[in-house]
There are 2 protein chains.
Amino acid sequence: MPQLGLLHGRAWAVLFGQLRRPPGAVCIRAVHSHSQGQQYFQVAEAALATQLKPHQEKSNFIIKTPKGTRDLSPQQVVVREKILDMVVSCFKRHGAKGLDTPAFELKETLTEKYGEDSGLIYDLKDQGGELLSLRYDLTVPFARYLAMNKVKKMKRYHVGKVWRRESPTIAQGRYREFCQCDFDIAGQFDPMIPDAECLKIMCEILSGLQLGDFLIKVNDRRILDGIFAVCGVPESKFHAICSSVDKLDKMSWKDVRHEMVAKKGLAAEIADRIGDYVQCHGGVSLVKQMFQDPRLSQNKQALEGLGDLKLLFEYLTLFGIAEKISFDLSLARGLDYYTGVIYEAVLLQTPAHAEEEPLNVGSVAAGGRYDGLVGMFDPKGHNVPCVGLSIGVERIFSIVEQRMKTFGEKIRTTETQVFVATPQKNFLQERLKLIAELWDAGIKAELMYKNNPKLLTQLHYCENMGIPLVVIIGEQELKEGVIMLRSVASREEVAITRENLVAEIQKRLSES
Amino acid sequence: MPQLGLLHGRAWAVLFGQLRRPPGAVCIRAVHSHSQGQQYFQVAEAALATQLKPHQEKSNFIIKTPKGTRDLSPQQVVVREKILDMVVSCFKRHGAKGLDTPAFELKETLTEKYGEDSGLIYDLKDQGGELLSLRYDLTVPFARYLAMNKVKKMKRYHVGKVWRRESPTIAQGRYREFCQCDFDIAGQFDPMIPDAECLKIMCEILSGLQLGDFLIKVNDRRILDGIFAVCGVPESKFHAICSSVDKLDKMSWKDVRHEMVAKKGLAAEIADRIGDYVQCHGGVSLVKQMFQDPRLSQNKQALEGLGDLKLLFEYLTLFGIAEKISFDLSLARGLDYYTGVIYEAVLLQTPAHAEEEPLNVGSVAAGGRYDGLVGMFDPKGHNVPCVGLSIGVERIFSIVEQRMKTFGEKIRTTETQVFVATPQKNFLQERLKLIAELWDAGIKAELMYKNNPKLLTQLHYCENMGIPLVVIIGEQELKEGVIMLRSVASREEVAITRENLVAEIQKRLSES
């Protein structure tokens with residue numbers, strides 16, 4: 001059966017065929033204005049009275065979704081489905097298997113995995129039995145799965161919701177419930193081959209979604225640790241200082257330095273030494289330069305990291321994506337579990353003036369190597385090295401939605417192909433018999449749930465909903481054993497014998 | 001780009017082409033044996049020591065998924081995807097839009113909706129802010145959405161997980177986290193037209209999935225209330241007695257009667273009068289018979305229900321599904337919110353002896369009319385009449401998984417089309433360049449993450465994973481500018497020039 005597209009022709013072009021934004025039309029951060037129209041109602045007690053148990057009283061309550069969450073409208077669901085299909089088909093192109101894990105985990109499973117962000121985990125109420133928490137990402141459940149089932153090798157993808165009790169700054173498109181799309185490769189392999197594939201996947205997805213220019217920042221936790229060590233940071237403060245460095249994409253070096261010194265008790269001269277490093281970024285030449293750095297080249301960990309990055313850049317060149325990658329010493333990634341290479345993709349906005357640098361308008365994908373996480377779950381501490389990535393689809397959804405709004409394009413929220421109409425009263429029985437025939441032939445069909453609908457109402461509905469075909473049955477047609485088949489776009493009608501109707505509809509749909 | 005099937009030919013036949021079960025091979029309730037192999041490990045403190053903060057101590061913990069939940073393996077994910085695709089495509093065939101709501105709601109949103117089952121709701125811990133609960137079904141969030149957005153008319157589907165703190169009897173396939181597939185029609189329409197469509201959808205899905213013979217039981221809450229009234233049940237006990245009747249599919253009338261009398265304080269003679277009714281079931285003739293019932297025909301509510309059922313059977317006849325429907329006075333449905341027609345689909349197992357009745361082997365879909373639920377959320381109590389259905393996909397997943405196990409069929413868990421191999425050492429660079437070409441052409445391809453893998457290992461992997469094609473590159477090929485293309489099934493190899501490789505692969509894939 002041929003599939004009709006979900007979108008009108010031009011909307012498709014907007015969604016996936018449009019490389020450039022109209023100048024100044026789209027601001028990546030100004031998203032989700034639809035959710036600000038959320039409505040609050042006081043529910044009167046009267047409305048509940050009949051359903052309530054006699055002795056219970058109920059104060060008025062507000063009807064809304066929980067703070068930081070929202071419903072997704074049919075329009076949003078359609079856009080999401082299309083984007084997720086593209087992401088998942090890329091994951092499958094790279095040989096990944098699907099995996100699904102529960103929405104909640106034992107509280108202890110999530111403990112000690114997220115550093116400073118652990119306070120954002122949603123716990124479930126203790127209703128007797130185990131203490132549970134909603135999953136915070138899809139990575140820790142994956143590691144738990146590998147350890148629990150003694151899986152030593154696996155390439156898997158997982159698309160699912162995760163929950164974080166962030167202060168919701170909805171204007172920035174951050175929600176407390178959001179969707180993640182993860183791809184990970186677990187197993188002991190030769191260095192940097194799976195890591196390079198992860199970066200290739202990020203490039204394929206970001207290019208495929210045509211979100212505009214992007215850049216992937218790459219760094220290595222061992223290089224960062226090496227920097228901290230040669231700058232004189234005490235080892236007990238590595239995680240805390242790493243968290244501070246992680247804020248460099250949102251805060252200036254001055255503010256980050258202040259946090260290190262005033263809040264985290266680092267000596268000012270140590271912070272300054274760190275500053276000299278973490279403000280560097282460049283291509284493979286910066287890797288070579290760091291190899292020559294008199295202090296850093298003395299640190300074993302840093303040298304391992306630099307060696308791997310050099311190899312990584314070789315593979316990225318073979319994949320044809322080296323020019324999309326930037327070695328950026330400020331990239332830290334907040335999560336505790338990373339142990340090696342880390343990366344983050346940011347969208348770039350072409351500046352108004354050619355001499356300015358492209359503007360970073362936000363991270364849309366990230367990941368890295370976490371060789372120690374599975375071992376945290378294994379009774380003997382046996383590790384399974386892992387590397388993976390997560391696509392920040394919520395931000396991508398926002399960008400695409402905003403772009404479609406800018407273009408004023410309407411999305412079809414249903415896929416209905418044929419509407420069954422009548423100009424006459426008392427024709428419900430005939431309509432029901434006819435539509436059942438269409439459904440049984442796999443044709444997507446609707447009718448009006450009225451005994452005697454007006455023809456004009458029925459035709460207007462088809463125009464509003466973008467339904468391409470209408471079959472019309474009336475007394476005359478019934479007498480002659482025919483049906484009128486009408487094209488909504490051209491308004492042309494032809495009479496077709498009842499027995500040829502399904503075949504004719506299928507022919508028309510396969511041609512469109 | 002042509003799509004390869006996910007399954008080998010015969011597995012498809014098993015999944016969707018097989019109408020009959022082999023005699024005695026499948027027991028619907030004996031499912032999910034895979035989850036019983038769940039492994040528990042003690043995690044040694046040593047493994048955690050390096051990651052733990054210095055002053056924290058941690059007792060050993062067990063690594064597992066929370067009680068009543070489980071991971072879904074890649075095999076399970078593939079089966080699920082196929083089944084959900086079929087269900088959703090049926091919903092779309094009937095013109096439904098997609099909707100998504102958060103995993104949790106304000107606690108108050110769920111209060112007073114589920115009768116005796118309210119104790120099974122998962123609450124979130126009070127971490128400051130709103131009191132929240134995990135959603136218990138997809139119906140109450142839908143009603144909340146309609147009221148909140150003042151939507152008066154909508155046909156929507158929603159596939160998502162819901163959570164219930166049931167005593168998990170995993171052997172029976174009941175989990176605390178499970179997937180629901182809901183289709184609902186909201187709006188003020190002429191009677192029984194949307195209701196009939198819901199039953200048509202249930203028939204299409206159950207026939208389409210080829211689960212064997214099935215039957216849909218239909219009743220009406222107003223008929224039940226009428227029965228309770230004419231039998232002398234006090235109105236305050238209607239909900240409680242309705243809950244007891246609901247257990248008739250799992251308990252004998254004797255036990256249900258005992259519950260009514262001993263636990264719910266109903267007079268024995270009233271219970272006996274109820275028993276005379278609720279043990280009746282039949283077709284449209286039973287509707288007519290009940291119209292003549294001297295007591296019931298005096299009750300206004302019952303007459304309304306019977307009138308609607310009569311109309312419903314007319315429409316079901318036009319849809320060609322009347323013979324699948326049974327008017328069953330024992331059907332009650334536990335949930336508080338139903339107000340009119342209710343229904344439940346059960347699978348039937350052909351009995352060993354022809355003279356026996358077909359065995360009910362469990363409910364796989366259910367629903368009904370709930371005209372008062374939206375009004376519970378509306379400030380002025382304005383109602384939006386609704387009718388809908390929910391497909392019990394978890395049970396369907398179990399049946400299909402069990403059937404595939406019985407047939408010993410292997411499912412492909414990846415969709416990889418081409419494997420890039422080499423017989424020689426030091427050919428990683430060539431392999432990486434080649435595979436990037438394939439990925440960029442949209443071909444699903446994998447390679448081994450090793451510098452020097454053995455050719456036999458590479459070919460074995462393809463056979464195990466069902467990958468149909470291998471491209472082989474070595475020194476000789478590199479010199480001659482060709483690639484060997486090997487069919488895994490026939491083991492035939494042909495040399496193809498490098499520039500024709502992608503086109504040749506695409507041709508082969510489109511033919512297979």
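A polar contact is a pair of N or O atoms within 3.5 Å; within protein, one must be able to donate a hydrogen and the other to accept it, and residues adjacent in sequence count only if both atoms are side-chain atoms. The model is predicted: local features need pLDDT of at least 70, side-chain atom pairs count only at pLDDT 80 or more, and totals for chains, interfaces and linings use all residues. Residues are numbered from 1 along each chain as its sequence is written, chains are lettered from A and ligands numbered from 1 in the order in which they are written, and side-chain values use heavy atoms, leaving out hydrogens and water.

**View 1. A polar contact joins B:Glu415 and B:Lys444.** Their side chains come to 2.8 Å. B:Glu415 sits in the loop between helix H14 (393-406) and strand S12 (418-421) of chain B. Helices (H or I, at least four residues) and strands (E, at least two) are DSSP runs, numbered from the N terminus. B:Glu415 counts as buried because its relative accessibility is 10%. Buried means under 20% relative accessible area, exposed over 50%, and partly exposed in between (1.4 Å probe, protein chains only).

**View 2. The largest nonpolar core has 138 residues.** A nonpolar core is a set of buried Ala, Val, Leu, Ile, Met, Phe, Trp, Tyr and Cys residues joined through side-chain atoms within 4.5 Å. Residues with the most contacts inside this core include A:Phe91, A:Ile216, A:Tyr343 and B:Ile505. Helix H6 (residues 193-208) of chain A gives the largest share, 9 residues. A second, separate core has 137 residues, among them A:Ile63, B:Val87, B:Ala143 and B:Val374. In soluble globular proteins, nonpolar side chains tend to be buried together.

**View 3. The surroundings of A:Ile216.** Leaving out residues up to four places away in sequence, A:Ile216 touches A:Leu199, A:Met202, A:Cys203, A:Lys324, A:Ile325, A:Ser326, A:Tyr343, A:Glu344 and A:Ala345. Contact here means heavy atoms within 4.5 Å.

**View 4. A:Arg80 and A:Glu401 form a salt bridge.** A salt bridge is a side-chain nitrogen of Lys or Arg within 4 Å of a carboxyl oxygen of Asp or Glu. Over all chains, the structure holds 72. In this pair, N and O are 3.7 Å apart. A:Arg80 belongs to helix H3 (residues 74-93) of chain A and A:Glu401 to helix H14 (residues 393-406) of chain A, 321 residues apart. A:Arg80 is buried at 7% relative accessibility. A:Glu401 is buried at 14%.

**View 5. A:Glu105 pairs with A:Arg144 in a salt bridge.** The closest N and O atoms lie 2.8 Å apart. The pair links strand S2 (residues 104-106) of chain A to helix H5 (residues 139-148) of chain A. A:Glu105 has a relative accessible area of 0%, so this residue counts as buried. A:Arg144 is also buried, at 0%.

**View 6. A network of salt bridges links A:Asp220, A:Arg222, A:Lys300, A:Glu304 and A:Asp308.** Within it, A:Asp308 and A:Arg222 meet at 2.9 Å, N to O. A:Asp308 lies in helix H12 (residues 300-318) of chain A and A:Arg222 in helix H7 (residues 221-231) of chain A, so the pair ties together parts 86 residues apart in sequence.

**View 7. Helix H12 (residues 300-318) of chain B.** Its 19 residues reach 28 Å from first C-alpha to last, close to the 27 Å expected at 1.5 Å a residue. The expected span is 1.5 Å times one less than the number of residues. Buried residues include B:Ala302, B:Leu309 and B:Phe313. At the start, a side-chain oxygen of B:Asn299 reaches to within 3.1 Å of the backbone nitrogen of B:Gln301. Just after the helix, B:Gly320 takes a positive phi of about 75 degrees.
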